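Hi everyone, thanks for having me.

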Amino acid sequence: MSPRSASVNEELRRRSRERLLQAAVELVGEHGFEATTLGDIADRAGSARGLVSYYFPGKRQLVQSAVHRLMHRTLEEALEREPRTEDGRERLARAVDAILGLARDRPVLMRQHMAGLLQAEGFVQCPEQRRLAELLSGTVARYGAQNVSADYPMLRSLLMGAVYSALVPGVPMPVRVLRAELFQRYGLDWEMGVPPESEPDAKADDRDLSRFFATEERPSSP
């Protein structure tokens, strides 16, 4: 049997990493961060446990990368859904709704993610986090910001604050109220994006994450 080519080995490594990311999101969403072990994640992914440490220095980094993957793919899907639009205000509305939607639909996962960001290591610099930053900063630019380098961090901070406010145990702010505040700040019409009253009932029960962690190659967005 001839040895596998370098390109085949690279593809196998990529798919293994994708499966680990998906397994991490699923398990943390089901059981929380503390109750999920690296062994659990490897088993769910069908990977050897040693592969986890090959790709990620620890559980915190793996989970943060996994959530950033879910966030950037959710945002990407929202921005590119039909009808496609280049209107900057509509795209910003879709971005706000996509991130707030994760807080509403996956509270356990997003609460664990926010807690992880407050740890000493803070943001994990990984491909998933960089892609999320590119999508959000591109949305800010399309919206018409004059100083993207300043306005993107502000949007990121406002979205993080809104997610945090929606998830505080005991005193959560309603997502509808948080959305209204963000829409007013950016001059967006309530009917833009996906207004809460137009959300399909099945969306909150959509637990199939496979489309966000597809093992095939995905073309880069233009």
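The lining of the largest cavity is made up of 13 nonpolar residues, three polar ones and one charged one. Keep in mind as we go that this is a predicted model. How much space does the largest cavity hold? About 180 Å³. There are 17 residues in its lining, and M71, F123, L132, R156 and M160 are the closest to the centre. Now look at the elements: α4 (59-80), α6 (107-117), α7 and α8 (148-167) each give two or more residues to this lining. The largest share comes from α8, with five residues.

In total, the structure has two cavities of 30 Å³ or more. Which residues line the second largest cavity? They are F33, R60, V63, Q64, Q112, H113 and G116. For this lining, the elements that give two or more residues are α4 and α6. By class, we have two nonpolar residues, four polar and one charged.

On to the rings. A pair of aromatic rings is described by the distance of the centres and the angle of the planes. With centres within 6.5 Å counting as a pair, this model has four aromatic pairs. Take Y54 and Y55: their ring centres are 4.9 Å apart and their planes sit at 85 degrees, so we call the pair edge-to-face. Is Y55 buried or exposed? Its relative accessibility is 19%, so Y55 counts as buried. Y54, on the other hand, counts as exposed, because its relative accessibility is 54%.

Another pair is Y143 with Y186, where the centres are 5.7 Å apart and the planes are at 80 degrees, so this pair is edge-to-face. Here the pair links distant parts of the chain: Y143 belongs to helix α7 (residues 127-143), Y186 to the segment after α9 (175-185), and they are 43 residues apart. Y186 is buried, at 13% relative accessible area, while Y143 is partly exposed, at 28%.

Finally, let's see where charges meet rings. R185 lies over the face of Y186, at 6.0 Å from the ring centre. R179 lies over the face of W190, and there the distance to the ring centre is 4.5 Å.

That's my tour, and I'm happy to take questions!

Note on methods:
Residues are numbered from 1 along each chain as its sequence is written. This is a predicted model: local features need pLDDT of at least 70, side-chain atom pairs count only at pLDDT 80 or more; totals for chains, interfaces and linings use all residues. Side-chain values use heavy atoms; hydrogens and water are left out. Rings of Phe, Tyr and Trp (its six-membered ring) pair if their centres lie within 6.5 Å; planes under 30 degrees apart count as stacked, over 60 as edge-to-face and the rest as tilted. Buried means under 20% relative accessible area, exposed over 50%, partly exposed in between (1.4 Å probe, protein chains only). Helices (H or I, at least four residues) and strands (E, at least two) are DSSP runs, numbered from the N terminus. A charge sits over a ring if NZ of Lys or CZ of Arg is within 6 Å of the ring centre and within 35 degrees of the ring normal. On a 1 Å grid over the protein atoms alone, a cavity is a set of points where a 1.4 Å probe fits but cannot get out, and a pocket is an open set with protein on both sides within 12 Å along at least five of seven lines; lining residues have an atom within 4 Å of a point. Grid points are joined across faces, edges and corners, and a volume is the space filled by probe spheres set on the points. Ala, Val, Leu, Ile, Met, Phe, Trp, Tyr, Cys and Pro count as nonpolar, Asp, Glu, Lys and Arg as charged, and the others, Gly among them, as polar.
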